[in-house]
Amino acid sequence: MSQHLATLPSTRDAVAARRGRNLRRVGIVALIALVLAALAGALGPRAATTTASGGGYELSVRHGQITRPGLPVPLEITVERTGGFDGPVTVSVSRGLLDRLDFNNWSPNADGESVGPDRVEYEFTPPRGDELHVLLDARTAPGQLPSLRRYAVAVVDSGGAVLAEATFRMAVLP
């Protein structure tokens, strides 16, 4: 004679049934919210522009705000100075940001480079006119772990003093 072996308890009290139903509802709402956020583009790559001014310079940085490993990420730096530039223009970039990026080239290429403990300084030939526009051809390096960090791009003088600094956050999602 075969016996029936139940896999569920034969009776559940009302409290356990209500708790299970409520947990399923919360899970469904969270899943729907995640799908809606993805459909709205809130979880995809996004760029932003941060500006700063000081010392007679206007600094504008277009940067990745949300990215994923392996995707292209913008880094465009525009330095303006009314009346033009007296000498070389030195741009400082957070070393952590450069560690996060896998880049191919600067346009224009820097004439010089110096590395500090937390930043890398690039020196550019002064352009004709009032504006230097620098473009970094980059992508987020593969294998990056999810993070949200703060970075900075600055214009510095020949002694390394910051004249104008733009700080921003970049999130790397899985």
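Entry on the model. I note that this is a predicted model.

Entry on salt bridges. I looked up the count, and it comes to four. I found R139 partly exposed at 31% relative accessible area, and D102 partly exposed at 32%.

The side chains of D86 and R81 also form a salt bridge, at 3.1 Å from N to O. D86 counts as exposed, because its relative accessibility is 71% and the cut-off is over 50%.

E121 pairs with R119, with the closest N and O atoms 3.1 Å apart. Here E121 counts as buried at 16% relative accessibility, while R119 is partly exposed at 23%.

Entry on surface patches. Which residues form the negative patch? I listed E58, E80, D130 and E131. E58 sits in strand β2, residues 57-67, and is partly exposed with a relative accessible area of 44%. A patch of positive charge gathers R12, R18, R19, R21, R24 and R25 on the surface. I placed R19 in helix α1, which covers residues 14-39.

Entry on T140. Is T140 buried or exposed? I found T140 buried, with a relative accessible area of 0%. T140 belongs to strand β8, residues 131-140. Beyond its neighbours within four places in sequence, T140 has contacts that include T67, P69, L101 and V172.

Technical notes: Residues are numbered from 1 along each chain as its sequence is written. This is a predicted model: local features need pLDDT of at least 70, side-chain atom pairs count only at pLDDT 80 or more; totals for chains, interfaces and linings use all residues. Side-chain values use heavy atoms; hydrogens and water are left out. Patches are made of residues with over 30% relative accessible area and no salt bridge: like charges are joined within 9 Å, nonpolar side chains (Val, Leu, Ile, Met, Phe, Trp, Tyr) within 5 Å. Accessible areas come from the Shrake-Rupley method with a 1.4 Å probe; for residues, only the protein chains shown count as cover. Lys and Arg count as positive and Asp and Glu as negative; His and the chain ends are not counted. The place of a charge is taken as NZ of Lys, CZ of Arg, CG of Asp or CD of Glu. Helices (H or I, at least four residues) and strands (E, at least two) are DSSP runs, numbered from the N terminus. Buried means under 20% relative accessible area, exposed over 50%, partly exposed in between (1.4 Å probe, protein chains only). Contact means heavy atoms within 4.5 Å.
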